[in-house]
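Here is a short report on cavities and pockets. Please keep the model open while reading.

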Amino acid sequence: MKLATPVAFSAPEQKLSHQDKLLFAGSCFAERIGDWLVHSGFDAGVNPAGIAYNPISMAVHLALALKSGTTDASGYVHTPVGVVHYDFHSSLSANEQGAAEQMLNIAIKEMRSSLLNANAVFLTFGTAIAFERMDNGAVVNNCHKLPGKYFRQRFLSEAEMYASFSDALTVLFEANTAIQVYLTVSPVRHLRHGAIENQRSKSRLIRLCEMLCTDFSQCNYIPVYELVMDEFRDYRFYRHDDLIHLNEAGLGMVQERFASAFISPQSQKLMDRVQRWREMQQHRIMHPESATAKTFAERLAAETTEIHKLLPRLKA
């Protein structure tokens, strides 16, 4: 008896290894996958310019990084939590504008370095529902909890998202001819806008991915949204506090599918070894003076040395 609808992943001919340089950018789902690979010893940048949910804001980040641009001065705004910028997440804030500008310039340079040196970049679109400023019509990445009267909510069209993102990808492929881009749509539903609106939003993003993959041979689509919606359509895979975000079991299943499709067998074995090593580090020693505890400590020290030889960038 089948209790799920299988969703196939198209595996690349050249699978990823620990020697590759990766970049994950976009929604919080991109961070979950990117952080997992960093934790497993991969050389991966994760949202150096902060979380972004809509494709136009993501394209702004790409364009700023690739063209060595500077942030729009009109985008800085003073809030109770500090100085922030409409094009960036609130995590990139500072007490005064000069410090905020410096922080964003560092973030943009870091993203530029990642884009120019990466073998593969994974971009996750979260929503096609965006907010634009009432004063100049610019789409913002984050409203920073400012009064609603400052913004207008609307759907982004496939055409405007494509125009903005295709321009950014054109520059990227000229700057890094060897890079592969993998597009995904976040499986996290934005139900605060309504179930119907969320579905329309995700449909536009899926169509955007199709348009980009059709016109750019270096673009590839990963059906993460379809995997979660069709194969994992069971609330046991979701956090019980909101029934929207995947819980550890659901995220683990996505990670397993991702690893099977995209990561080389050798690196998968190394990931398993790193996981066992981390479990050893978390092991609680009840009797540290016992012979068993001392033997375990020796094994852990030896394995730590070997792991760091294999993966010098890996953090404890």
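Which element supplies the largest share of the lining of the second largest cavity? That share, three residues, comes from α2.

This is a predicted model, where local features need pLDDT of at least 70, side-chain atom pairs count only at pLDDT 80 or more, and totals for chains, interfaces and linings use all residues. Residues are numbered from 1 along each chain as its sequence is written, and side-chain values use heavy atoms, without hydrogens and water.

**Terms**

On a 1 Å grid over the protein atoms alone, a cavity is a set of points where a 1.4 Å probe fits but cannot get out; a pocket is an open set with protein on both sides within 12 Å along at least five of seven lines; lining residues have an atom within 4 Å of a point. Grid points join across faces, edges and corners, and a volume is the space filled by probe spheres set on them. Helices (H or I, at least four residues) and strands (E, at least two) are DSSP runs, numbered from the N terminus.

**Cavities**

The structure holds two cavities of 30 Å³ or more. Phe24, Phe29, Ile33, Phe122, Thr124, Thr184, Ile222, Val224, Val254 and Phe258 line the largest cavity. At least two lining residues each come from α1 (28–39), β5 (120–125) and α7 (248–262). The lining of this largest cavity has eight nonpolar, two polar and no charged residues (Ala, Val, Leu, Ile, Met, Phe, Trp, Tyr, Cys and Pro count as nonpolar, Asp, Glu, Lys and Arg as charged, and the others, Gly among them, as polar).

The second largest cavity has a lining that includes Asn47, Pro48, Met58, His61 and Leu62. Both β1 (21–26) and α2 (55–66) supply at least two of its lining residues. Its lining has eight nonpolar, four polar and no charged residues.

**Pockets**

Of the 13 residues lining the largest pocket, Trp36, Ser40, Met271, Asp272 and Gln275 lie nearest its centre. α1, α7 and α8 (265–282) each give at least two residues to this lining. The largest share, six residues, comes from α8. By class, there are four nonpolar, six polar and three charged residues.

The second largest pocket has 14 lining residues, with Tyr53, Phe131, Asn141, Asn142 and Arg192 nearest its centre. Strand β6 (residues 129–133) gives the largest share, three residues.

| Space | Volume |
|---|---|
| Largest cavity | about 80 Å³ |
| Second largest cavity | about 60 Å³ |
| Largest pocket | about 290 Å³ |
| Second largest pocket | about 240 Å³ |
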